[in-house]
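Let's take a friendly walk through a protein chain. Have a look at the sequence and the structure below, and then we can read them together.

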Amino acid sequence: MFVVQCSRNEAGSARLGMAVSTRAAGNSVRRNRLRRLIRESFRMHRQELPAVDVLVTARPAAAQATNRAVFESLAGLWQRVRGDA
């Protein structure tokens, strides 16, 4: 549902960037819903992440997914960012 790109930063904590396009998510209501879910998931896992800049790009499947499925998908990606997977 998502693609995550990371690069180390000097800020000392994780920072989030998002790319949720009209093509991937549809109208503004759907795009903003995905942005809210991505932000909330990032907030819940931020303390576990190393000092990286994270760019999350939404794929079309994310627009159709339930909130639970989005959170589960993102949780798996945060684990990969940490290096647990």
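## A serine to start with

Does serine 73 count as buried or exposed? This is a predicted model, and in it serine 73 has a relative accessibility of 19%. Buried means under 20%, so serine 73 counts as buried.

You can find serine 73 in helix H4. Leaving out residues up to four places away in sequence, serine 73 touches Met1 and Phe2.

## The overall layout

Now step back to the whole chain. Its secondary structure comes to four helices and three strands, and along the sequence they follow the pattern β-β-α-α-β-α-α. The radius of gyration is 12 Å, close to the 12 Å that the globule rule gives for 85 residues, so the chain is as compact as a globular protein of that length.

Along the principal axes, the C-alpha atoms fill a box of roughly 35 × 20 × 15 Å. Take the contacts between residues at least 6 apart in sequence: 85% of them join residues at least 24 apart.

In soluble globular proteins, nonpolar side chains tend to be buried together. Here, the largest nonpolar core has 21 residues, and those with the most contacts inside it are Phe2, Leu34, Val56, Val70, Leu74 and Trp78. Two or more residues each come from helix H2 (28–45), strand E3 (52–58), helix H3 (60–64) and helix H4 (67–82). Helix H4 gives the most, with five residues.

Which residues does leucine 74 contact, leaving aside its neighbours within four places in sequence? They are Phe2, Leu37, Ile38, Ser41 and Val56. Two of these contacts, Phe2 and Val56, are also listed among the residues with the most contacts inside the core.

## Two glutamines to compare

Glutamine 79 lies in helix H4. With a relative accessibility of 38%, glutamine 79 counts as partly exposed, because that label covers values between 20% and 50%. Leucine 49 is 30 residues away from glutamine 79 in sequence, yet their C-alpha atoms are 8.5 Å apart in space.

Glutamine 64 has its place in helix H3. Its relative accessibility is 64%, so glutamine 64 counts as exposed. Along the chain, glutamine 64 and methionine 1 are 63 residues apart, and 9.6 Å separates their C-alpha atoms.

## Surface and charge

How much of the chain is buried? Of its 85 residues, 33% count as buried. The accessible surface comes to about 5200 Å², and 45% of that surface belongs to carbon and sulfur atoms.

Finally, look at the charges. The chain has 15 positive and 6 negative charges, and the mean positions of these two groups are 11 Å apart.

Methods:
Residues are numbered from 1 along each chain as its sequence is written. This is a predicted model: local features need pLDDT of at least 70, side-chain atom pairs count only at pLDDT 80 or more; totals for chains, interfaces and linings use all residues. Side-chain values use heavy atoms; hydrogens and water are left out. A nonpolar core is a set of buried Ala, Val, Leu, Ile, Met, Phe, Trp, Tyr and Cys residues joined through side-chain atoms within 4.5 Å. Buried means under 20% relative accessible area, exposed over 50%, partly exposed in between (1.4 Å probe, protein chains only). Contact means heavy atoms within 4.5 Å. The radius of gyration is taken over C-alpha atoms; the globule rule is 2.2 Å times the number of residues to the power 0.38. Accessible areas come from the Shrake-Rupley method with a 1.4 Å probe; for residues, only the protein chains shown count as cover. Lys and Arg count as positive and Asp and Glu as negative; His and the chain ends are not counted. The place of a charge is taken as NZ of Lys, CZ of Arg, CG of Asp or CD of Glu.
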